[in-house]
Amino acid sequence: MATSRRTFVKGTAASAAAVSAPGLLMAQTTPSDARTVRAVLHADLKIFDPIWTTANITGDHSLLIYDTLFGLDDARNVQPQMVDKWSISDDKKTYTFTLRDGLKFHDGQAVTSSDVVASVRRWAARDGAAQHLFKRVADTPIKDDNTFAIVLKEPYGLVLEALAKIETNLPVIMRKKDAETDPNQQVTTKIGSGPFRFNEDETKSGQRYVYDKFTGYVPRKEPPSGMAGGKIAKIDRVIIENMADEQTAVAALKAGEIDFYEIPPIDLLDQLEGDKNIKLDVLNKGGNVGMCRLNWLHPPFDKVEARQAMLYLIKQEDILKAVFGNPKYYRSCASLFACTGQMQSDVNTDWFKGGQNIAKARELFTKAGYDGRPVVILQATNIAFMNNASLLVAQWLKEAGVNAELAASDWGAVVTRRAVKKPVAEGGWNIFITWGSGEGFDNPIGFVAHTANGEAGWFGWPKDDLHEKLRDDWALASTLEERKAVARKLQENAWNYVPMVLLGQWAPPVARRANVSGFIPLPAHVPFWNVEKT
Amino acid sequence: MLSFIVHRLLSTVVVMAIVAVCIFLLLHLSPGDPAAIIVGDNATQLQIDAVRKQLGLDDPLAVQFARWLVGILKGDLGVSIFSHEPVSKLIGQRIEPTVSLALTTLAFAVMIAISFGVLAAWKVGTWIDRLVMVLSVLSFSVPVFVVGYLLIYVFSIKLGWLPVQGYAPIVDGFATWIRHLILPSLALGLAYVALIARITRTAMLDALAEDYIRTARAKGVATGPVLMKHALKNAGVPILTVIGIGIALLIGGVVITETVFNIPGIGRLVVDAISQRDYPIIQGVTLIFSGVYVIVNLLVDLSYTLIDPRIRY
């Protein structure tokens with residue numbers, strides 16, 4: 001039987017519909033480019049568990065998919081986030097918290113006190129600030145699905161501050177079954193209760209990480225402020241692209257293939273500033289602070305005079321200029337707690353105000369009994385700041401009569417060798433260079449580089465009992481003014497015994513397309529709630 | 001022929017075994033600690049030690065090697081220390097971009113290079129010959145990433161014709177796929193073009209000096225068939241050899257090209273793994289590449305028989 005024209009047309013139309021259906025369906029479910037922000041951040045995201053690693057990129061991932069009990073607002077005040085209300089007992093030993101209604105995980109499960117308590121305990125097993133708190137915790141009883149408590153053995157002034165911590169390890173809330181994972185093992189699921197959910201299907205490890213707006217998220221009603229307030233997802237999708245080449249990332253930003261670049265290279269900022277489609281903003285005003293860690297276990301830095309010599313040796317301005325070029329984005333700073341936070345002061349900084357003094361450094365090295373042995377600097381050649389700072393420090397040491405040697409390698413080899421406690425001749429070291437965030441430096445308890453408990457502490461292994469006592473005093477202080485007073489004492493003492501030497505503070509800008517706005521200034525992380533694309 | 005193939009395949013196994021031992025030892029004896037990189041800069045030594053223990057990195061080297069070897073023999077390349085994803089899955093995700101880039105580069109390079117080489121040999125001593133040689137030297141001398149940046153600047157930023165970076169799988173459409181590969185193939189292929197063009201020219205000149213070419217010309221055979229049918233076929237063996245050797249260069253150059261053009265291929269995978277000391281990935285990729293390289297050489301050797309019937313195994 002011959003096919004009629006009508007039948008043929010009907011059949012063709014039906015076939016076309018059948019073939020197009022998947023495409024149409026995909027078009028309906030894939031967010032449009034206008035509702036998608038593509039961002040290049042400072043590193044590749046390889047580890048998804050913010051308790052297992054202190055890597056900031058994992059912190060960035062956490063802010064997308066997890067939420068926290070409390071958050072710090074713009075003014076660094078603690079504000080409730082997942083918590084609706086809380087109370088503190090008269091003896092200041094019992095903190096009782098009630099969760100907000102409607103909180104859900106991305107799998108639809110309600111957030112309960114059991115999830116919270118398990119998450120907080122897992123966090124406390126790994127995080128320094130949490131460990132300091134939990135040494136004083138007697139119990140974490142669960143009253144009901146929405147109410148739990150932290151019961152202390154003695155009053156402690158930083159309970160809420162610890163739960164609002166913005167530095168890694170972030171105190172994120174996971175499902176109980178994930179939080180019950182051994183803290184020394186990685187949680188590989190990515191189910192949180194934050195404003196975005198992780199899209200495993202669209203993610204390609206090493207290439208791009210995809211997050212979709214979680215429509216079940218219940219934001220707070222307050223306007224967004226720092227890590228606090230309403231975390232409203234104003235875009236449907238965030239794609240974190242892994243782009244290793246800086247020049248390519250800049251080109252991609254200019255061409256509109258990406259919308260945001262966290263750390264554009266300093267030498268290309270002029271190019272970006274001249275492009276009307278691109279804006280530069282400094283989101284992380286505290287930036288980073290460079291530090292020169294000295295090895296206390298072996299000569300010469302086992303002597304306080306040699307460490308004091310380093311204070312007179314370093315000229316921060318030269319290091320910062322060599323790496324960052326533009327003084328808009330850096331500053332010299334002598335405060336042990338960085339120069340942008342609440343704990344900063346200029347107590348006991350005459351050595352800094354007098355400027356570099358190589359002669360004084362030489363005199364102090366002599367007083368320390370320096371005998372001409374090699375002083376080995378671990379030089380991470382693949383990281384510009386560390387590489388350039390090592391070269392300058394080596395040069396100044398030589399000018400001061402010290403036999404400085406550079407041990408060049410990549411950062412991966414540095415992190416191995418810095419753990420070696422043996423003398424230099426057996427594979428040890430005297431100096432290595434790294435940095436910490438300005439926000440981290442402002443916290444004597446949370447920041448591992450502020451420990452001075454000898455070989456049990458962080459690399460360099462400074463030891464000073466007064467410093468450790470003052471850190472405890474800081475944590476137990478109940479007002480901001482009291483903490484500032486203790487911080488001044490900490491700094492006074494620190495620049496006498498010299499745990500480390502600071503190399504300056506810098507805060508480079510991020511670069512974004514002009515039609516993408518709403519990034520909230522935060523130290524150390526880039527949040528994507530409140531971001532809009534027009 | 002069959003015994004030749006079997007013999008070469010067996011030797012592949014031996015090569016891969018030697019590579020396995022060498023790469024394992026090189027990695028584990030080199031400085032670097034993946035556990036320290038995993039936990040981040042602010043972690044304490046206790047945390048690093050705990051992670052190292054959990055990952056089995058504090059076991060004796062022989063135990064770690066045996067564990068890995070047993071896995072290999074079962075076809076399991078292990079799991080990434082960082083992402084906990086199977087190495088075979090990671091390689092599987094990255095193989096298409098790398099193969100696509102290698103094939104398009106090979107196709108572009110061979111077509112252009114052989115044409116230029118034949119042209120230079122035909123017009124030997126003229127300005128055409130000299131131009132081809134100068135361009136070859138330049139192509140070989142300029143680093144891949146410099147060429148890459150220049151191409152991006154001209155064709156992506158200034159003209160807006162082609163994307164700056166990225167890769168589109170072929171299932172997204174041939175046109176989209178090829179658009180993302182044009183610039184990377186050009187950047188990577190230029191050095192390859194230079195190498196093949198020069199060898200082609202030399203081999204062609206040798207062939208064109210033979211008696212049979214003089215006979216063909218004397219019989220009135222046109223220039224085209226003389227060049228393409230008689231000379232090129234006889235010059236084919238050294239050209240094929242250098243194409244085979246060049247595949248090794250291609251694999252090496254792919255790493256830089258993938259980084260510049262942000263192509264998520266195996267080259268990028270292994271470079272990232274090296275900086276992070278992700279041992280299973282480095283070991284797995286190196287092992288596979290060594291096997292691939294031996295097989296490519298075998299295929300090149302076998303292809304000689306297609307060009308030169310005098311060659312028999």
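**Notes on chains A and B**

1. Starting at the N terminus, chain B runs α-α-α-α-α-α-α-α-α-α-α-α. That comes to 12 helices and zero strands, where helices (H or I, at least four residues) and strands (E, at least two) are DSSP runs numbered from the N terminus.

2. A word on conventions: this is a predicted model, in which local features need pLDDT of at least 70 and side-chain atom pairs count only at pLDDT 80 or more, while totals for chains, interfaces and linings use all residues. Residues are numbered from 1 along each chain as its sequence is written, and chains are lettered from A and ligands numbered from 1 in the order in which they are written.

3. The C-alpha trace of chain B spans about 85 × 55 × 35 Å along its principal axes. Of its 313 residues, 38% count as buried (20 or more other C-beta atoms within 10 Å of the residue's own, with C-beta atoms placed from the backbone). Among the contacts in chain B with a separation of 6 or more, 73% join residues 24 or more positions apart; a contact here means C-beta atoms, placed from the backbone, within 7 Å.

4. Do look at helix α5 (residues 87–122) and helix α12 (residues 279–307) of chain B: their axes come within 10 Å and cross at roughly 60°. The axes are lines fitted to C-alpha atoms over the stretch in contact, with angles from 0 to 180 degrees between N-to-C directions.

5. Which residues meet where α5(B) and α12(B) touch? V87(B), L90(B) and I91(B) come from α5(B), and P280(B), I281(B), G284(B), V285(B) and I288(B) from α12(B). By class, the contact has seven nonpolar residues, one polar and no charged (Ala, Val, Leu, Ile, Met, Phe, Trp, Tyr, Cys and Pro count as nonpolar, Asp, Glu, Lys and Arg as charged, and the others, Gly among them, as polar).

6. Between the chains, 37 residues of chain A are in contact with 43 residues of chain B. On the chain A side, α7 (246–254) and α14 (411–417) each supply at least two residues. That side divides into 12 nonpolar, 16 polar and nine charged residues.

How values were computed
Two residues are in contact if their C-beta atoms, placed from the backbone, lie within 7 Å. A residue is buried if 20 or more other C-beta atoms lie within 10 Å of its own, exposed if 12 or fewer, and partly exposed in between; C-beta atoms are placed from the backbone.
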